[in-house]
Amino acid sequence: MARLTPPPATQLELFGFDAPAAPPASPAGQKRHILLDGQTITYALRRSKRRSIGFQIDHDGLRITAPKWVTLTDIEQAIGTKLRWIVSKLDEQATRAAQPPTPPIEWRDGATLPYLGQPIILRLQRTQKASITLDHESRELTLGLNRDATEAQLRSRILKWLQQQATDIFAARLSHYAGKLGVSYTAFGLSGATTRWGSCNADGMIRLNWRLIHLTEQLIDYVVAHELAHLREMNHSARFWATVESVYPDYHAARLALREQAMIALPII
């Protein structure tokens, strides 16, 4: 499965090896250290039955899962090969950890939340019939609520509305970029993942994080183009990026903006 991740928790598959003599098994989660280019890299090593070396970086740091027969030398050579990627992801995690937590939304009249890269203002009205409308000029989202509506019901209504907007907008952009790329996807669904913006599997199933609705249309387009490009190249090779560039020329800037956005906590909804 090919995935686009707002950082963190990126799984990267590396080379398979010809099996040498098996080294001693490592305890699960054993911490090890290696000095490369003047930088000390700390990682937790776990042995498994997998056929390749896997890297994962999240709030716990770098974790490596490797076949039982792969030597420590092979593992450290793999770390050296991906050193820039590892350092970059570890730096992103450190930056994210230093960010103050985003306070939860106050579900009241006049509260704001991001929608397509800009804030919208919540306006609450007590009505006999439930309703919800967005005035694009004033950027006011007006909710008609029964007098006995609870805060939980208000939150649920807004979440449902945001996800419906995401479904409609994402479907339109998928159709647009699928046509430009000359590809077809089999299905599309929303994801609530906290570790990736989108994914595409070999069966043509596209999943897009509904929280993209908080970001700009340009960033939504980049994620859509990225995932659809995997239907032609199920990897992140030079040919894959050339495919993305053919329909989204400014993808370098979008990648950077998305990475920076991922370091800022989205509102808690």
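Reply: Start with helix α3 (residues 151-181) and helix α4 (residues 217-229), which pack at an angle of about 50° with their axes 9 Å apart. Helices here are DSSP runs of H or I with at least four residues, strands are runs of E with at least two, and both are numbered from the N terminus. The axes are lines fitted to C-alpha atoms, for helices over the stretch in contact, and the angles run from 0 to 180 degrees between N-to-C directions. That angle makes α3 oblique to α4; under 35 degrees would count as roughly parallel, over 145 as roughly antiparallel, 65 to 115 as roughly perpendicular, and the rest is oblique.

This is a predicted model, where local features need pLDDT of at least 70 and side-chain atom pairs count only at pLDDT 80 or more, while totals for chains, interfaces and linings use all residues. Residues are numbered from 1 along each chain as its sequence is written, and side-chain values use heavy atoms, with hydrogens and water left out.

On the α3 side, the contact (heavy atoms within 4.5 Å) is made by Phe170, Arg173, Leu174, Tyr177, Ala178 and Leu181. From α4 come Ile220, Asp221, Val224, Ala225, Leu228 and Ala229. Sort the residues of this contact by class and you get 10 nonpolar, no polar and 2 charged. For that sorting, Ala, Val, Leu, Ile, Met, Phe, Trp, Tyr, Cys and Pro are nonpolar, Asp, Glu, Lys and Arg are charged, and the others, Gly among them, are polar.

Now follow α3 to another partner. With helix α5 (residues 238-247), α3 packs at an angle of about 115°, and their axes are 10 Å apart. That makes α3 roughly perpendicular to α5. This crossing is right-handed too. Here Tyr177, Lys180 and Leu181 of α3 meet Thr243, Ser246 and Val247 of α5. By class, the contact of α3 with α5 has 3 nonpolar, 2 polar and 1 charged residues.

Definitions and conventions:
A crossing is left-handed if the near helix is turned anticlockwise from the far one by less than a right angle, and right-handed if clockwise.
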